[in-house]
Amino acid sequence: MRLFLLIFLTCLGLHATPARAEIRYATDFKALENEALKDIGSTIRQVAEVEIRKEQPVESLDLLRRRAEGDEDRIRDVLRAEGYYDPRVTLTVEPTEAPSEQNAIVTLALDPGPIYRLTRFTLVFKTQAQEQAAEGLTYEALGVKLGARARSEGIVTAERAVGRRLGWRGYPFARISERDVVVDHAERSVAVDLQVDAGPLTHFGQTRIDGLADVDASVVRRELHWKEGDLYDTRKIAEMRQALAGTDLFLSVAIAPKREEMAGDKVPMTITLAESKSRSVGGGVRYSTSQGAGVRAFWRHRNLFGYGEDFRLDGDVAEQLVGLKASLGRPAFLNPQQRLDFSLYAQQEDVDAYDATRVGGVTTLTRQLGGPYSGSIGVSLEQSRIKDATGTNSFTLIGLPTTLERNTTNDLLNPTKGGKLTLSATPYTGAIGSDSNFLILRLDDTMHLPFDAAGKYVLAGRIAIGAILGATRTDIPADKRFYAGGGDTVRGYAHQSVGPLDASNDPVGGSSLIAGSIEMRARVMEDIGVVAFLDGGNVFRSELPDFGKDPLFGAGLGLRYYTPIGPLRFDLAFPLDKRPSDDAFQIYISLGQAF
């Protein structure tokens with residue numbers, strides 16, 4: 001009867017099974033507190049399965065021991081990668097006797113052993129012609145230091161450098177055919193010999209362009225950094241890829257040689273493109289305590305006539321400013337490194353210092369000067385009607401704006417490294433009854449110093465120095481004078497309020513300026529960052545900054561919310577040199593870092 005019942009229950013799937021035992025365990029990795037291991041202890045913890053999965057129970061001690069055995073090999077690999085080629089690694093698994101939540105403990109015993117040094121790094125080429133082409137490609141040129149710790153990362157980096165540098169010299173298909181790494185335990189040394197097959201000496205062949213629909217092929221060809229028959233150089237490909245991406249005309253850019261179609265020493269090139277949408281709209285909002293709220297919107301066509309012309313309409317509506325601007329840019333104007341821009345604008349600006357109505361236009365020619373350097377020269381014409389403390393005056397000004405710039409920043413709205421130095425000079429002369437003649441000089445410099453590779457912690461600074469020469473302050477139109485205070489200079493003070501004030505505590509502007517800021521930025525979460533900042537500066541009536549006059553300082557804290565298009569900025573700032581007319585604090589909200 002019992003046998004029949006057991007068979008019946010088994011058929012129904014209702015027979016009992018023994019419960020699985022669960023082993024919960026703790027880990028003891030105190031061995032990683034060794035001073036010699038402080039730099040790689042976190043890596044070891046990240047590869048050790050017993051450490052990663054210690055919150056998950058295992059079915060048996062045997063399974064836990066097998067897991068620990070696998071970790072011993074992984075930890076040895078980490079140590080060898082750091083130049084420890086004779087380590088002693090043991091993970092022991094012992095059941096616990098004292099009552100606790102854990103049934104076992106896994107203990108790491110580790111002796112990294114001596115550090116092994118790199119004593120040889122040689123390149124052996126397949127042919128004598130390849131060896132001659134690689135003249136000067138020594139271990140020093142590859143960044144290898146003999147006698148240094150034999151880290152695998154340094155060896156792999158040097159191998160990549162071999163291929164990269166040969167690619168600069170006409171050998172794009174170079175590869176490491178064999179790697180011979182000899183470890184001498186007696187001498188505690190490592191020797192590396194690389195067999196290099198550089199492949200054939202190669203020149204650029206014909207270039208084919210795929211993927212174009214609305215963009216004319218001449219837009220791509222004017223960015224070509226090589227001619228047919230030129231010696232192959234991978235740097236030219238990278239430069240062209242960057243140039244095409246910078247046009248904003250393409251979603252993706254792929255440039256590749258077609259080795260299977262190589263004829264003689266020439267390899268055909270294929271540029272495969274995916275066009276982006278030519279039309280776009282966008283905008284942003286901003287707010288500050290002294291200036292109120294503002295909205296900016298734009299409509300843009302990146303390829304107006306099919307040759308990469310950039311047409312844009314910008315509208316700005318705020319409590320103190322209403323404006324409209326139309327601009328048209330032509331890249332590669334007479335030269336691939338030049339850009340010509342036209343713009344027309346109309347504005348009505350009402351601030352404490354003045355009320356201004358202005359219309360005008362600007363034409364600017366910008367040229368890339370190589371690397372991070374660029375320069376521009378232009379001509380402007382502006383008609384304005386300005387009301388300030390001296391009365392209402394009309395001005396017709398012709399300007400020649402000139403700039404020289406060095407830009408090494410890595411991002412427009414959220415730079416985490418590099419800097420931007422801008423020198424500008426704009427002479428103005430009056431026309432049609434205006435007799436104002438003056439020269440505006442200005443230097444702006446920013447720097448960003450990251451404390452980590454990811455750029456989560458950044459020290460940022462900026463400085464601005466300006467001077468207006470050739471006219472007294474009262475002869476300079478009020479909207480062309482220097483002002484400070486607000487979200488773009490000295491935070492904590494009302495817009496334009498740092499500097500000379502009249503009897504009503506309204507700003508009157510000055511002929512010179514000096515201002516600076518320092519910020520400590522920390523990205524504490526994926527989408528959240530915090531900032532502490534100190535700003536200082538002043539505006540002076542004299543043509544040159546008066547360093548004997550004390551600056552005004554403001555300080556505060558900021559919050560950043562990182563969006564796909566850039567960080568949303570919220571700053572709360574306090575005046576440290578509060579005057580009777582100053583508010584207790586100022587608030588600033590906008591898109592992008594302060595600088």
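Student: Which residues have the most contacts inside the largest nonpolar core?

Tutor: This is a predicted model, where local features need pLDDT of at least 70, side-chain atom pairs count only at pLDDT 80 or more, and totals for chains, interfaces and linings use all residues. Residues are numbered from 1 along each chain as its sequence is written, and side-chain values use heavy atoms, leaving out hydrogens and water. A nonpolar core is a set of buried (under 20% relative accessible area, 1.4 Å probe, protein chains only) Ala, Val, Leu, Ile, Met, Phe, Trp, Tyr and Cys residues joined through side-chain atoms within 4.5 Å. The largest one has 24 residues, and those with the most contacts inside it are Tyr354 and Phe438.

Student: How far apart are the end C-alpha atoms of helix α4?

Tutor: Helices here are DSSP runs of H or I, at least four residues, and strands are E runs of at least two, numbered from the N terminus. The expected span is 1.5 Å times one less than the number of residues. α4 has 21 residues (61-81), so the span should be 30 Å, and that agrees with the end C-alpha distance of 30 Å.

Student: How many bridges join β2 to β3?

Tutor: These two strands run antiparallel, and Glu94 stands opposite Ile105 in β3. The number of bridges joining them is eight.

Conventions. Buried < 20%, exposed > 50% of the residue type's maximum accessible area, 1.4 Å probe, protein only. Pairing = 2+ DSSP bridges.
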